[in-house]
Amino acid sequence: MAIDEDPEGHEAAAFASSDVLLAARRVLEIGCGNGRLTKQYAHVAASVIAIDPDAGAVAELARELPMVDARPISVAELRVHAHSIDVVLFSWSL
Amino acid sequence: MVDALRRTHEVLMPDGVVIDVHPTVEPAAVDVGGETVGHVETEDAPQRHAAADAAVRAVVDEGLFRVDRIAHFDFHTYGDSIEELRDYIAANWRAARINDVVMQRTRASLLVSAPGVKPRVRERVRLTLLRRLAPS
């Protein structure tokens, strides 16, 4: 028994076609969940702050991607410096 | 939603971008072998997705961002069985379910499908690239 999400890679292809370079960028991901999308780019980004109110999902992400600054918070609780992020990613969360 | 987008305008670099990925208002379909046999029932998904679209339009109208690019894709979630998909959606989606009629149609379709065909849920998803602008 297994759930298989986007095995064709349509989401990754859409990102690739958007011409947005996440490599060496400071990324803020909003609604990261357990990091399904984060895993696709975290290894090339300069830094990643990933937030989601679901503490359990964020803990899962933090275990798997220790290089990510994973925070179990909402946007309203977010504290980051102004003009410090290159790319904001709303991950199925808007 | 608009507040979240306004907040991102504050934290972004002057040439920063927002990538918004969310489903369109099109109902999520249940497919077998590429054929749609029904749809996922939801309480408010179309309204939520329409509200997200409206939030994007609002910050564009406010002059905070401009739309650089829009792309669409199908996001597929496969299960080994329709029961597995039903349980997954009930546990992981907000106020959504595969009802009994769609369950029966899916089982019937699987019975006459080629071996190895798996049921899937198909969501139409929009990716919008927003470029930050300085407020005028």
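Asp86(A) counts as buried, at 13% relative accessibility (buried is under 20% relative accessible area, exposed over 50%, partly exposed in between, with a 1.4 Å probe and protein chains only). Its side chain meets that of Arg26(A) in a salt bridge, 3.1 Å from N to O. The model is predicted: local features need pLDDT of at least 70, side-chain atom pairs count only at pLDDT 80 or more, and totals for chains, interfaces and linings use all residues. Residues are numbered from 1 along each chain as its sequence is written, chains are lettered from A and ligands numbered from 1 in the order in which they are written, and side-chain values use heavy atoms, with hydrogens and water left out.

**Interface of chains A and B**

- Chain A brings 39 residues to the contact and chain B brings 37 residues (contact means heavy atoms within 4.5 Å).
- About 3200 Å² is buried between chain A and chain B, and carbon and sulfur atoms give 66% of that area. Buried area is the accessible area (1.4 Å probe) that two parts lose on being put together, summed over both.
- Zero salt bridges are counted between chain A and chain B. A salt bridge is a side-chain nitrogen of Lys or Arg within 4 Å of a carboxyl oxygen of Asp or Glu.
- Polar contacts link 21 residue pairs across the interface of chain A and chain B, both residues at pLDDT 80 or more. A polar contact is a pair of N or O atoms within 3.5 Å; within protein, one must be able to donate a hydrogen and the other to accept it, and residues adjacent in sequence count only if both atoms are side-chain atoms.
- On the side of chain A that touches chain B, β1 (4-5), α1 (10-17), β2 (26-30) and β5 (85-91) of chain A each supply at least two residues. Helices (H or I, at least four residues) and strands (E, at least two) are DSSP runs, numbered from the N terminus.
- β5(A) gives the largest share of that side, seven residues.

**Strand pairing**

- β5(A) runs parallel to β1 (residues 12-23) of chain B, joined by six bridges. Two strands pair if DSSP finds at least two bridges between them.
- Ser91(A) has Val21(B) as its bridge partner in β1(B).
- Within chain A, β2(A) and β3(A) run parallel and share five bridges. Arg26(A) is partnered there by Ser47(A).
- β3(A) also runs parallel to β4 (residues 69-71) of chain A, through three bridges. Ile51(A) stands opposite Arg71(A) in β4(A).
- β3 (residues 47-51) of chain A is largely enclosed by the rest of the structure, because four of its five residues are buried.

**Salt bridges**

- Over all chains, the structure holds 20 salt bridges.
- The Asp86(A) and Arg26(A) pair links distant parts of the chain, strands β5 and β2 of chain A, 60 residues apart. Arg26(A) is partly exposed at 30% relative accessibility.
- Arg7(B) and Glu10(B) form a salt bridge at 3.1 Å, N to O. Both lie in helix α1 (residues 2-11) of chain B, three residues apart, about one turn of the helix. Glu10(B) is partly exposed, at 42% relative accessible area.
- Asp74(B) and Arg124(B) also meet in a salt bridge, 3.1 Å from N to O. This pair joins β5 (residues 65-78) and β7 (residues 119-132) of chain B, 50 residues apart.
- A network of salt bridges links Glu26(B), Asp31(B), Arg120(B) and Arg122(B).
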